[in-house]
Amino acid sequence: MSALRIGVLAYPGCFASEVFGVPDLLTMASHVAGPGRAGYEVSIVSSRRRVTASGGAELAVSPPREVDVLVVPGFELAPGLDVDASLAALTPEVAVIRSHADAGRAVVSICVGAFLLAESGLLNGRRATTCWLLADELARRCPRADVRPEHLVVTDKGVTTTAAFSAMYDFALGLIREHSGAEVARTTARMALLDDARSSQTPYVDVGLLPQPGSDFSRRVMRRLDQNLAERYDLAALSDAFHVSTRTLLRRFADETGQSPLEYLQLSRVRRACHLLETTDRTVAGIATAVGYRDPGTFAALFARHTGRRPRDYRAAFRRSAE
């Protein structure tokens, strides 16, 4: 195998750490693989002669060139920032992304770099992800994309998107696994103290930071579900409590939140279970009962589907200290 050519697209205001994170891990992987093994040719490219990244870091860049994989880092998307103005200033970068994709080569975004891919049209008709905090905004701006906020890395027809910041390492480890082999990826992860087995953003979601979806109606439904997590889900009783038909409740709730009451309830139960696993010594069976599941096996399967970990593995990874 020949060296894999990686180009990282630098632009004004991009996160410098996301420019260098993937190249640095690939460098480690090359050392692990040893001489005589196909490695990685990495270049920092830009359509501009000078690039100042986030925090005022000046980056040395070279003109765009033909590469096998183009990596698009994220940029600062702080509250109150005019996203339209930020993207409008990055028209040259959008053109580079589109040109690279039109040539049939792989494109990867890190975190909110997905917004640049959306601007280029690459996410239309594709599954995608981004930082859980901004997934709803990406879905709003790119309604033709199937945004999966629970996933860490999503690849669909040559386009890869990742979750926030550290998910660049999940992508890089997958790339190393594919190009250099599973053993090299595993050893690289150990050296860098990276978790090479995680698959979901869900354990990291802080619901308190998310904007509350829906109107007063759906929020009242959510509150009732949250207050009765341990009770059996009964759609008819829920509808009666709000004096509407089951059909009306399902339609209004879906229109306002994008999900069904049962889907919301399952996520709420998982989040509550996460909290109990992190902060208490209660058994998995006891926690399953506390969040509405009589069968611990059913609970464990649902929990793993949403978080990427079985309950005991989640507790081992995220258990908070007594302090």
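The mean positions of the 39 positive and 36 negative charges of the protein lie 4 Å apart. Here Lys and Arg count as positive and Asp and Glu as negative, while His and the chain ends are not counted; each charge is placed at NZ of Lys, CZ of Arg, CG of Asp or CD of Glu.

This is a predicted model, in which local features need pLDDT of at least 70 and side-chain atom pairs count only at pLDDT 80 or more, whereas totals for chains, interfaces and linings use all residues. Residues are numbered from 1 along each chain as its sequence is written, and side-chain values use heavy atoms, with hydrogens and water left out.

Let me turn to the overall fold. The protein has 14 helices and ten strands; these are DSSP runs, with helices (H or I) of at least four residues and strands (E) of at least two, numbered from the N terminus. Its radius of gyration is 22 Å, close to the 20 Å that the globule rule gives for 323 residues, so the protein is as compact as a globular protein of that length. That radius is taken over C-alpha atoms, and the rule is 2.2 Å times the number of residues to the power 0.38. Along the principal axes, the C-alpha atoms fill a box of roughly 65 × 40 × 35 Å.

Of the 323 residues, 44% are buried, where buried means under 20% relative accessible area, exposed over 50%, and partly exposed in between, with a 1.4 Å probe and protein chains only. Among contacts (heavy atoms within 4.5 Å) with a separation of 6 or more, 66% join residues 24 or more positions apart.

Next, the interior. In soluble globular proteins, nonpolar side chains tend to be buried together. A nonpolar core is a set of buried Ala, Val, Leu, Ile, Met, Phe, Trp, Tyr and Cys residues joined through side-chain atoms within 4.5 Å. Which residues have the most contacts inside the largest nonpolar core? They are Ile 97, Phe 115, Leu 123 and Ile 176, in a core of 63 residues. Helix H1 (residues 16-33) supplies the largest share of this core, seven residues. Apart from it lies another core, of 15 residues, including Val 284, Ala 288, Phe 299 and Tyr 314.

Tyr 314 belongs to helix H14 (residues 311-318) and is buried, at a relative accessible area of 0%. Beyond residues up to four places away in sequence, Tyr 314 touches Pro 203, Cys 274, Leu 277, Glu 278, Phe 303, Arg 309 and Arg 319. Its C-alpha atom is 9.5 Å from that of Phe 303, eleven residues away along the chain.

Leu 138, in helix H5 (residues 135-141), is likewise buried, with a relative accessible area of 0%. Leaving aside neighbours within four places in sequence, the contacts of Leu 138 include Phe 115, Leu 123 and Val 147.

Most residues other than glycine have a negative phi. Phe 165, however, has a positive phi, near 35°; this residue sits in the loop between strand S10 (159-162) and H6 and is partly exposed, at 41% relative accessibility. For Leu 193, phi is also positive, near 60°. Is Leu 193 buried or exposed? At 76% relative accessibility, Leu 193 counts as exposed, and its place is the loop between H7 and helix H8 (216-227).
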